[in-house]
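Please consult the sequence and the structure shown here while reading.

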Amino acid sequence: MRAGESERSLPCIIGYGNPFRRDDGIGAFVAERVRTALGRKARVLTFHQLDPVVLDEVRDCDLVILVDATVENLGKGMRWRRVHPEGSGFSHTTHHFKPSLLLELLSSLHGREPETWLVSIQGDDFGHGEGLTRQARSRAARASREIAEFVATKSG
């Protein structure tokens, strides 16, 4: 941490998904790899899903990276997408938020809109069970390296 920087203001990487549904556990896998690579240069968290609890965790951050598995065929196996507030008002009543709604609520409730990215990683098997498939593990390892390099570059 740099002088004057609190842990809550560090870049925050959040891996989410269900590790008991095979490749849906990609988010947690990536989070642990990034934690090892970055150490105290970032806050790394894991959640089963995005929900209101996440708001408090990221409200002081300037950079947030969300990591999740997707069933989409992504060609390169991974996609980075900048997240912007949804802008539809938050008439949604759900316990699971899309990243854009999460950012909209953060902006509305806390007046904060950190630079936010969603890293989606293609999964192949979302059936019951633990452990990533070989292909998903390879994609997740590549994503982990990219995220660690991105955060290191942003942090100076």
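Among contacts between residues at least 6 apart in sequence, 77% join residues at least 24 apart. The model in which these contacts were computed is a predicted one.

The secondary structure of the protein consists of four helices and five strands. Followed along the sequence, these elements give the pattern β-α-β-α-β-β-α-β-α. The protein has 156 residues, of which 47% count as buried. It exposes about 8100 Å², and carbon and sulfur atoms supply 49% of this area.

**Packing of two helices**

Two packed helices are described by the angle between their axes and the distance between the axes. In this model, helix α1 covers residues 26-38 and helix α4 covers residues 134-155. Their axes come within 9 Å and cross at roughly 40°. Because angles under 35 degrees count as roughly parallel and those from 65 to 115 as roughly perpendicular, α1 is oblique to α4. The crossing of the two helices is right-handed.

On the side of α1, the contact is made by I26, F29, V30, R33, V34, A37 and L38. On the side of α4, the residues are A136, R137, A140, A141, S144, I147, A148 and V151.

Where do T133 and S100 lie in the chain? T133 is placed in the loop between β5 (115-122) and α4, while S100 belongs to helix α3, residues 99-110. The table sets out the accessibility of each residue and its contacts, not counting residues up to four places away in sequence.

| Residue | Relative accessibility | Residues touched |
|---|---|---|
| T133 | 10% | R22, D23, D124 and D125 |
| S100 | 17% | V83, H84, P85 and E86 |

Are these residues buried or exposed? The term buried applies under 20% relative accessible area. T133 therefore counts as buried, with a relative accessibility of 10%. S100 likewise counts as buried, because its relative accessibility is 17%.

The contacts can be located on the structure in turn. For S100 in helix α3, the residues touched are V83, H84, P85 and E86.

Note on methods. Residues are numbered from 1 along each chain as its sequence is written. This is a predicted model: local features need pLDDT of at least 70, side-chain atom pairs count only at pLDDT 80 or more; totals for chains, interfaces and linings use all residues. Side-chain values use heavy atoms; hydrogens and water are left out. Buried means under 20% relative accessible area, exposed over 50%, partly exposed in between (1.4 Å probe, protein chains only). Contact means heavy atoms within 4.5 Å. Accessible areas come from the Shrake-Rupley method with a 1.4 Å probe; for residues, only the protein chains shown count as cover. Axes are lines fitted to C-alpha atoms, for helices over the stretch in contact, and angles run from 0 to 180 degrees between N-to-C directions. Angles under 35 degrees count as roughly parallel, over 145 as roughly antiparallel, 65 to 115 as roughly perpendicular and the rest as oblique. A crossing is left-handed if the near helix is turned anticlockwise from the far one by less than a right angle, and right-handed if clockwise.
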